[in-house]
Amino acid sequence: MLRLSLASAAALALGLPALAAEIPIGHLADQSGATSDVGVPYAQGVADALAYVNRKGGIKGEKMAVESVDYGYQVPRAVALYKKWTGGRDKVAAIQGWGTADTEALSAFVTKDEVPYISGSYAAQVSDPTGASGKAKAAPYNFFYGPSYSDALRAMLLWAADDWKAKGKTGKPKYVHMGGNHPYPNSPKEAGEAMAKDLGFEVLPAIVFALAPGDYTAQCLTAKNAGANYAYLGNTGGSNISLLKSCKSVGTDIQFMGNVWGMDENAAKAAGEAANGVVFPVRTAAVSGSTAPGMAMAAEISKVSDAAGTAYRPVHYYTGICAALYMTEALAWAKDNGGLAGPNVRKGFYQKKDWVPAGMEGVCVPSTWSATDHRGMMEVHIYRAKVSGPTDGALPDLMKAGTIKLEPVKTVTLPRKAEWQGW
């Protein structure tokens with residue numbers, strides 16, 4: 001099992017030595033497993049942001065001792081690491097987590113042990129801190145930065161319904177959920193299908209394709225023969241690339257809608273023209289190349305692992321930065337207001353409405369968490385991948401030339417419906 005501290009020069013280029021720090025923080029990262037295609041840039045954003053905060057004095061003068069571990073997207077490894085981080089004298093003050101299966105598996109543990117857990121999973125099933133919704137177990141110590149998978153899909157379906165009308169189409173559009181038979185792709189399945197029915201879509205039987213790359217011609221032919229018009233892709237970019245290429249080869253005419261991990265600049269480059277037109281939610285208010293005020297601080301954070309400042313940072317990197325900085329500001333509030341015990345750090349997440357971490361204006365989307373609702377964001381920024389030519393070159397050059405673009409399509413602000421919480 002690869003273990004990395006802030007002094008490591010390995011997979012995560014982190015910064016200060018852990019021995020100089022005082023506040024233990026756990027960081028689960030997928031750098032080698034089924035979701036590593038998006039896990040690597042997200043984890044680097046988290047790691048760089050935490051190292052940057054340490055370089056600026058840490059949490060009110062105390063440095064963080066961050067242990068970043070590549071757990072390979074394996075739930076047993078995640079559970080073992082959690083027990084290590086919470087079983088000794090140096091119990092972690094908080095954890096930066098990752099996948100849906102491990103986040104859900106650890107939810108009861110973090111509740112019992114009162115450990116704030118900020119995940120890279122946006123499963124609605126961990127968004128209800130009290131359990132009052134009746135749709136999910138109480139998850140008072142689970143947080144995530146971004147719309148839930150379910151809310152992001154609801155927003156895209158609202159867009160799809162308008163898109164169908166704008167194109168002058170008649171009759172019921174057909175919607176299909178596509179993804180692996182796994183907690184992550186399945187998380188928004190029921191919510192999405194219910195929303196699609198409410199909006200007048202005909203809902204087709206779900207189509208399963210694995211989280212790993214492969215030949216998905218059969219799945220594409222199934223969708224094509226069923227007449228699907230809109231398809232949700234529940235997997236990460238790695239396997240979605242294969243599916244998009246297979247579907248292009250059999251001539252499907254489907255508007256694909258990715259989840260937040262389902263498309264990015266790297267996936268657009270790998271899929272080439274097969275990615276052209278895919279819409280997907282972006283959790284930040286800016287992407288690389290933006291002139292938003294907060295991009296100046298993001299550039300400084302990026303230099304933690306790229307001193308030259310030349311690395312191209314995809315959308316997931318900035319999301320990782322935001323997730324880390326919300327946590328560090330909650331820790332800072334707790335330190336000033338009674339100490340770093342879990343319940344106090346949890347309260348730190350409730351202190352601000354429409355909260356943006358200092359210096360990240362225009363990048364991190366204003367977020368609000370409360371003791372009764374951990375849906376931090378109801379605002380969904382929908383983008384479209386545009387690919388206008390061969391994608392054989394270097395990604396920075398392709399983005400600069402406009403061969404690959406991420407174009408904003410629509411921002412949907414969802415109502416904070418009680419009946420949507422927890423699913």
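Student: In this predicted model, which residue of β13 is the bridge partner of valine 282?

Tutor: The partner of valine 282 in β13 is histidine 381. That bridge belongs to the antiparallel pairing of strand β12 (residues 279–282) with strand β13 (residues 379–387), which extends over four bridges.

Student: How many bridges join β13 to strand β14, and in which sense do these strands run, parallel or antiparallel?

Tutor: β13 and β14 (residues 404–413) run antiparallel and are joined by nine bridges, and within this pairing alanine 385 stands opposite leucine 406 of β14.

Student: Turning to helices, how should I read the side of a helix that faces inward, and which residues of α3 are buried?

Tutor: An α-helix has 3.6 residues a turn, so residues three or four places apart point the same way. In α3, the buried residues are Thr100, Ala101, Asp102, Thr103, Leu106, Ser107 and Val110, and they pack against β2 (23–29), α2 (75–87), β5 (117–119), β6 (142–144), α4 (149–166) and α5 (183–186).

Student: What does the span of α3 come to, and where is its kink centred?

Tutor: Helix α3, with 14 residues (100–113), reaches 19 Å from its first C-alpha to its last, which is close to the 20 Å expected at 1.5 Å a residue. Just after α3, glutamate 114 takes a positive phi of about 60 degrees.

Student: How many aromatic pairs are there, and why is the pair of tryptophan 98 and tryptophan 261 called edge-to-face?

Tutor: The count comes to 22 aromatic pairs. The ring centres of tryptophan 98 and tryptophan 261 are 4.8 Å apart and their planes stand at 65 degrees, and planes over 60 degrees apart count as edge-to-face, so this pair takes that label. Because tryptophan 98 lies in the loop between β4 (94–96) and α3, while tryptophan 261 lies in the loop between β11 (255–258) and α9 (265–271), the pair ties together parts that are 163 residues apart in sequence. Tryptophan 98 counts as buried at 4% relative accessibility, as does tryptophan 261 at 2%.

Student: What are the separation and plane angle for phenylalanine 143 and tryptophan 369?

Tutor: Phenylalanine 143 and tryptophan 369 form an edge-to-face pair, 6.4 Å centre to centre with 80 degrees between the planes. Phenylalanine 143 lies in strand β6 and tryptophan 369 in the loop between α12 (342–348) and β13, so parts 226 residues apart in sequence are tied together. Both residues are buried.

How values were computed. Residues numbered from 1 in each chain as written. Predicted model: local features only at pLDDT ≥ 70, side-chain atom pairs only at ≥ 80, totals over all residues. Heavy atoms only, no water. Helix = DSSP H or I, 4+ residues; strand = E, 2+ residues; numbered from the N terminus. Expected span 1.5 Å × (residues − 1). Buried < 20%, exposed > 50% of the residue type's maximum accessible area, 1.4 Å probe, protein only. Contact = heavy atoms within 4.5 Å. Pairing = 2+ DSSP bridges. Phe/Tyr/Trp six-rings, centres within 6.5 Å; stacked < 30°, edge-to-face > 60°.
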